[in-house]
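Please look at the sequence and the structure before reading the points below.

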Amino acid sequence: SGMTAGASGAPATAGSSGGPSEMTDGGMMDGSTMMDAAMTMDAAMPTGTTCLKGTGDFTGKGPYNVKSKTVTVGSKGMYTIYYPDPLEASCPHPIVAWGNGTLITGGTAYDHFHKHAGSWGMVTISSHNSNVGDGTFHRAGIDYLLAENEKMGSEFFGKLSKNAGVTGHSQGGAGGDRSSDHANVKANVNVQGSFGTPPPGKAALLCLTGTEDIQPTGCPRAVMAATVPAMSASWDGADHVSTTLNEGEGIEQYQRLYTAW
């Protein structure tokens, strides 16, 4: 409930009950069509080819427990890796590189995102750095996991997909955009880090924002200018800090759409 259509070229709005408004690069969708699109997106996860589990409803916790470990990635410094427990040997786990927002250091500030994704079968590598906007930290994280997948004796040996995602909050989302042309990247989720410029590369784009975000029109403008599959979602009442860092208004839907994409 609470969803209204987003017209092509105009920011989507949300109803008074507090719901998401979604706009694709295809223009206007009515409420029922948006619900169908969201359900299709969730249900369209490939089965048998990756370790993504479940029925396609990513609202709650998935079937895996989640472990974490801290590693050093060359000159880029420390990262925390979140990964499913157990790691499967019969199917590859998709990999994701995360970037923090400005001034946010360490690998655990956004662990509600990482644990949620990990519970559904994904492996996330999160830089501890707070200045990741150039995309090089995302690239280094992806390359580290790809190398671990080929390294005999690694906990991740032969268990990871070569398909990667990039993501992050605020400056970290901008860094994800800039690294989205990495050869292995298939998906990009920008969490409140778009100022309207579509990212390079061929990775499908999901851009998350909120009505109280610092740049609420950035995601819709980036999606309308994108030449790849793209969707913008805005949550009524979501702001730039408390929603994403402190699991505030809209965080459940952010995590659901993030994981599904």
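Helix H2, which spans residues 111–119, is mostly covered, with 7 of its 9 residues buried. The model described here is predicted.

**Burial and neighbours of H2**
- The buried residues of H2 are His112, Phe113, His114, His116, Ala117, Gly118 and Ser119.
- These buried residues pack against four strands, namely S2 (65–72), S3 (78–85), S4 (93–99) and S5 (123–127).
- They also pack against two helices, H6 (242–245) and H7 (251–260).

**Packing of H2 with H7**
- The axes of H2 and H7 lie 10 Å apart, and the two helices pack at an angle of about 45 degrees.
- H2 and H7 are therefore oblique to each other.
- The crossing in which H2 passes H7 is right-handed.
- From H2, the residues His112, Phe113, His116 and Ala117 meet Ile251, Tyr254, Gln255, Tyr258 and Thr259 of H7.
- Of the residues in this contact of H2 with H7, 5 are nonpolar, 4 are polar and none is charged.

**Two glycines**
- Glycine 56 is placed in the loop between helix H1 (31–43) and S2.
- Is glycine 56 buried or exposed? Glycine 56 counts as buried because its relative accessibility is 9%, which is under the 20% cut-off.
- Glycine 56 and tryptophan 120 are 64 residues apart along the chain, and their C-alpha atoms are separated by 9.8 Å.

Terms used:
Residues numbered from 1 in each chain as written. Predicted model: local features only at pLDDT ≥ 70, side-chain atom pairs only at ≥ 80, totals over all residues. Heavy atoms only, no water. Buried < 20%, exposed > 50% of the residue type's maximum accessible area, 1.4 Å probe, protein only. Contact = heavy atoms within 4.5 Å. Axes fitted to C-alpha atoms, helices over the stretch in contact; angles between N-to-C directions. Parallel < 35°, antiparallel > 145°, perpendicular 65-115°, else oblique. Left-handed = near helix turned anticlockwise from the far one by under 90°. Nonpolar A, V, L, I, M, F, W, Y, C, P; charged D, E, K, R; others polar.
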